[in-house]
Amino acid sequence: MESKEGRQVMVLEGNLAAAYGVLLSKPDVISCFPITPQSSLGEALSRFVADGLLDAEMIEPEGENSALSLLIGASVAGGRTFTSTSSQGLSFMYDAYLFTAGSRLPIVMAIAMREQVAPHGVIAGQQDAILVKDGGWIQFYAESCQEILDSIIMAYRLAEDPEILLPVNICYEGFYLSYQSQRVEILRQDEVDRFLAPVAKSERPRLCLENPMVFSSYTIPGELYTEYRYKHCAALQRAREKCDEIDREFESISGYGYGGQIEEYKTEDAEVVIVTMGSGTGTAKGVIDTKRDEGLKVGLIKIRMFRPFPEERLLQVLNRKKAIGVIDRNVFYAGFCGHVFFEMKSLLSELEQPIPVLLNFVAGLGGSDITPQSVERVIDTTYSALDGKTVKPVTWLSLE
Amino acid sequence: MRFRTDYEGPWGSCSERIDVKTGEWRFQRPVTKVAKCRECGWCYVYCPSGCRELKEGYFSANLDYCKGCGVCARVCPAKAIMLVREED
């Protein structure tokens with residue numbers, strides 16, 4: 001089927017949507033090692049290459065550590081690269097993951113998120129990606145299959161921007177999104193080419209015979225090390241605004257956007273705001289609609305960019321709101337709460353007028369559903385706290 | 001901000017590289033017995049720091065970069081290299 005813009009419209013699972021995003025971005029080198037729930041993404045890319053649709057080197061490594069390590073080599077040589085993984089696969093990449101960021105290589109990696117052992121479980125969660133949040137990468141969390149596809153294209157634009165030069169994760173919950181089929185509109189190749197044109201010819205340092213360079217020397221003095229760390233942090237700061245710009249430009253080509261760092265849903269006149277990240281957002285939006293029909297002024301913020309955390313944008317939207325309920329599908333062990341909540345708590349202390357109610361709801365762990373009923377409980381509980389009822393700051397939904 | 005390099009990450013051009021004298025770590029140094037050296041070049045090939053240099057008739061280490069690991073002495077077929085502790 002074709003849309004009126006001449007775009008293909010297909011029913012795709014999240015992994016295939018990601019594969020189409022990669023196909024359209026035309027990487028030079030791809031390397032994926034199979035692990036559930038990410039495997040069908042690597043399979044789809046292999047098929048694209050075998051069928052001659054994608055002119056890329058498809059390398060089958062002996063493990064995830066090699067998958068990312070060899071992309072480091074390809075990226076250092078100037079190539080556009082892609083890999084994907086989940087859970088323990090990501091753990092096995094850990095040293096290469098940090099090396100990629102510290103070397104400022106614009107590698108794009110999809111993470112079909114899965115709970116991290118132990119206990120063992122081939123089940124959805126956000127714990128794998130969230131655990132590497134401080135590895136120096138940019139991280140996006142997607143809500144739908146369409147968003148996965150488009151986010152991968154936007155990820156290359158952001159990663160390869162000469163002012164950014166950082167690797168990007170596109171994270172989406174395994175099973176819920178990796179295997180769920182949804183309607184997806186696929187941008188035309190000429191549209192994506194036009195969108196990625198600004199970075200297609202951008203120059204960055206690379207190893208080549210014509211211009212020999214030194215790369216990642218081991219014994220660098222402390223002050224130079226400090227300089228690299230400083231520049232890395234500064235690039236992450238720039239990535240926030242750049243993300244919004246890129247989103248607007250994407251919208252000018254595609255006709256739809258995602259709001260950049262965060263998506264605001266009915267927040268303008270809202271007094272209560274629910275904060276979500278990932279696939280549970282769709283369910284939550286439905287409940288917000290119902291509550292709106294009942295006359296409640298409730299809205300939603302979806303965190304798209306988790307690293308760097310969208311501080312300014314959130315402060316703008318949340319200023320003068322009365323109550324916030326944060327839904328977390330992940331655990332910040334030592335904080336006895338979720339990671340998004342922990343970020344929000346430190347961020348909101350910067351507001352001149354403190355928000356009276358800030359609550360956390362841990363939900364959807366271990367592949368369990370974030371149901372409309374549970375979101376309804378989140379909203380009702382947040383409202384009851386606003387009405388003066390004593391509510392614990394963190395509620396583990398399925399345990400109460 | 002005061003920066004030492006124009007690069008964003010750990011990159012450098014070969015001409016303006018920042019020189020780190022790895023020889024400062026050394027606790028022992030290789031000394032070549034000139035008469036025994038046959039100029040076979042094994043030490044040159046094996047040296048992990050790439051600091052062996054061919055002089056007139058023998059190989060010796062550039063002590064600015066030699067870390068004193070002793071690989072050259074171990075591989076030398078003529079047993080022409082001995083290791084001397086720095087304090088000696």
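Author: Start with a definition: a salt bridge is a side-chain nitrogen of Lys or Arg within 4 Å of a carboxyl oxygen of Asp or Glu. Keep in mind that this is a predicted model. Here the side chains of A:Lys242 and A:Glu163 form such a bridge, at 3.5 Å from N to O.

Reader: Which parts of chain A does that pair tie together?

Author: A:Lys242 belongs to helix 9 of chain A, while A:Glu163 sits in the loop between helix 7 (145–159) and strand 7 (168–173), so the bridge ties together parts 79 residues apart in sequence.

Reader: Is A:Lys242 buried or exposed?

Author: The cut-off for buried is under 20% relative accessible area, and exposed means over 50%. A:Lys242 has 13%, so it is buried. A:Glu163 has 44% and is partly exposed.

Reader: Where are the residues of the bridge between A:Asp134 and A:Arg307?

Author: The closest N and O atoms of A:Asp134 and A:Arg307 are 3.4 Å apart. A:Asp134 is in the loop between helix 6 (127–131) and strand 6 (138–141) of chain A, and A:Arg307 is in strand 13 (residues 305–307), 173 residues apart. A:Asp134 is exposed at 60%, whereas A:Arg307 is buried at 11%.

Reader: How many salt bridges are there over all chains?

Author: The search of the whole structure gives 39. Some link up into a network, which includes A:Glu143, A:Asp247 and A:Lys285.

Reader: Now the interface. How many salt bridges are found across the interface of chain A and chain B?

Author: The rule finds two. In one salt bridge, the side chain of A:Arg238 meets that of B:Glu8 at 3.6 Å, N to O. Polar contacts are counted separately: six residue pairs between chain A and chain B.

Reader: Which elements of chain A supply the side that touches chain B?

Author: Strand 9 (213–215) and helix 9 (222–254) each supply at least two residues. Helix 9 gives the largest share, eight residues. By class, that side of chain A has 13 nonpolar, four polar and six charged residues.

Reader: How do strand 9 of chain A and strand 1 of chain B run?

Author: They run antiparallel and are joined by three bridges. For example, A:Val214 has B:Gly12 as its bridge partner.

Reader: What area do the two chains bury between them?

Author: About 1,900 Å², with 67% of it on carbon and sulfur atoms. In contacts, 23 residues of chain A meet 18 residues of chain B.

Key. Residues numbered from 1 in each chain as written. Chains lettered and ligands numbered in written order. Predicted model: local features only at pLDDT ≥ 70, side-chain atom pairs only at ≥ 80, totals over all residues. Heavy atoms only, no water. Contact = heavy atoms within 4.5 Å. Buried area = accessible area lost by both parts, 1.4 Å probe. Polar contact = N/O pair within 3.5 Å; in protein donor to acceptor, adjacent residues only side chain to side chain. Helix = DSSP H or I, 4+ residues; strand = E, 2+ residues; numbered from the N terminus. Nonpolar A, V, L, I, M, F, W, Y, C, P; charged D, E, K, R; others polar. Pairing = 2+ DSSP bridges. Buried < 20%, exposed > 50% of the residue type's maximum accessible area, 1.4 Å probe, protein only.
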